[in-house]
Amino acid sequence: MQRTRTFALAAVTLAAFGLAGPALLAHGGHEPVDLETVSSIRDEGLKRSQVMDIAAHLTDVIGPRLTGTPALEEANEWTRQWLEDAGLERAEIVGFPWFGEGWEFERSEVRIVSPFVVPVSAIPEAWTPGTDGTVRGKAMRLKVESAKDLEDHEGKLAGVILFLDEARAPEEPEGGPFRRYTGEQLDELACYDLEGRRRGGNWRERARKRWEAGEELRKRLLDEGVVATVELSSRNHGIVRVMGGGSRGASDRNRGIPSLVMAAEHYHRILRLMEEGTELELEIDIEAKFLEGVDESFNTYAEIPGSDLADQVVLAGAHLDSWHAGTGATDNAAGVAVVMEAVRILRALDVKPRRTVRVALWTGEEQGLFGSRAYVKKRLATRPEPTDEEQLALPSFLRDTTWPIQPKADHAKFSAYFNLDNGAGKIRGIYAQDNAAVKPIFEAWLEPFADLGATTVTGRSTGGTDHLAFDAVGLPGFQFIQDGLDYWSRTHHTELDTFDHLHEADLKQASVVLASFLYHAAMREELLPRKAMPQKPPEKKKRSGGRDGALRP
């Protein structure tokens, strides 16, 4: 293995200095790597990159891009035009059904007004109403997880601002606030995690219960006359991490009441004062509005057409939408910029891919992978629509999975989907997503980038982003391993998610690695190998006790 890697890197170096002719390295006698093109990709992407310019426009100029807002539509059009100007073809914006309204806010001012006056830092949750001017309320700590928790306080909560969370110890995240993978951590990640297969349980059932409890709770709080609710930010150091809290539906009752997330240090001070018996009055002024008539969201597409295998597709994507507190830099303007820069590199080199290389910039990812799922449903595979009324009443991502998968014609012509959505860190490798057959292929493709820190292929699966829409219907969908930097500790869904937290060298590196993966996937003789098609899991059998008290099937 070490000898092969050394030979690969030597070949890249020779080609980069013009000391070798076209180099097609056969990795272990199997997967070829076009080192001459790799050298050209590295030269273009590392020396003439536009990745930071793309990210700056998306973040500083357009700003936060919540699904269903004019800002996101502006981002759709700007990325479409940019891709067209970069020489890609069929640059277009395609709509899909959006299950809700748009929402945006312009102002959030919160302060303690009695027994002293001091401003506090808090940001409203998306899809919760504003205050229609300045309102006041008495602070009250109350643990509320469902409408049942309000029974003892019925008729006593009018004019109250509820603080819902307990205090949290001010601990630093494990490994510190800024993280890069060590060699030991990458070696551990490369080993398959058998214990991890058993974790998680029925997440959909738990999420469904939380959603149902939230729907009922919003109505009860509105009926009780509660002024607002306040939750504790899950980050310390004044960072406010905030997502959605209300319903995206059109019913005013489902929208509930104003809901805020507050900086931990301010929240904790208020809790301490209340525990000491101090009565606090707060003043809140939130200007937020729902955008009615938003029945579609949009994905941006463009492509480099293929030649002899043009009907087969290699796809790269990232989600264009973001949350509202910051400007969506690490989540996920970074991924979008890398994808756009990768295909710009290929166009600048005037490569002639055999397969069509397509770009997809998704929206609605933060609310449940809506954009990527719409693409899969329209072009690649469907599942039977549910008929049960209880299922139909749920958001689509909380419904039970239906069977069987029904592939469309393009399912057989789809090679792979590569996703970027884990912050602004460099690529350190890739998750094979339980697909053992792609591991040696990806190892070969990564070898020319070992000197840039990309070395690891793990058989493990990862989740949480758009590659799952493809994996769920038996198609090769992959997410890269990326250095975390301060993504999880500082920027993820917070007001600190801004351009300042992007790292130019990391995004350049990610762009050239992705460009090379797209090129090699488009040029290889065969489609990338697939896992077995997902099958409906067997029904769980009830277990009964035996004579010895042990449980038996």
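Where in the chain is the place of Ile257? In this predicted model, in which local features need pLDDT of at least 70, side-chain atom pairs count only at pLDDT 80 or more and totals for chains, interfaces and linings use all residues, Ile257 lies in the loop between α7 (252–255) and β10 (259–262). Residues are numbered from 1 along each chain as its sequence is written, and side-chain values use heavy atoms, with hydrogens and water left out.

Ile257 counts as buried because its relative accessibility is 7%, buried meaning under 20% relative accessible area with a 1.4 Å probe and protein chains only. Apart from its neighbours within four places in sequence, Ile257 is in contact (heavy atoms within 4.5 Å) with Thr128, Pro129, Leu221, Leu222, Val226, Val227, Ala228 and Thr229. Gly245, 12 residues from Ile257 in sequence, is 9.8 Å from it in space, C-alpha to C-alpha.

The chain holds 15 helices and 22 strands, these being DSSP runs of H or I with at least four residues and of E with at least two, respectively. Of its 553 residues, 54% are buried.

The axes of helix α3 (residues 51–62) and helix α4 (residues 70–85), which are lines fitted to C-alpha atoms over the stretch in contact, with angles from 0 to 180 degrees between N-to-C directions, come within 11 Å and cross at roughly 155°. The two helices α3 and α4 are therefore roughly antiparallel to each other, a term applied to angles over 145 degrees. Their contact is made by Ile54, His57, Leu58 and Ile62 of α3 together with Ala71, Glu74, Ala75, Trp78, Thr79 and Trp82 of α4.

Notes: Angles under 35 degrees count as roughly parallel, over 145 as roughly antiparallel, 65 to 115 as roughly perpendicular and the rest as oblique. Buried means under 20% relative accessible area, exposed over 50%, partly exposed in between (1.4 Å probe, protein chains only).
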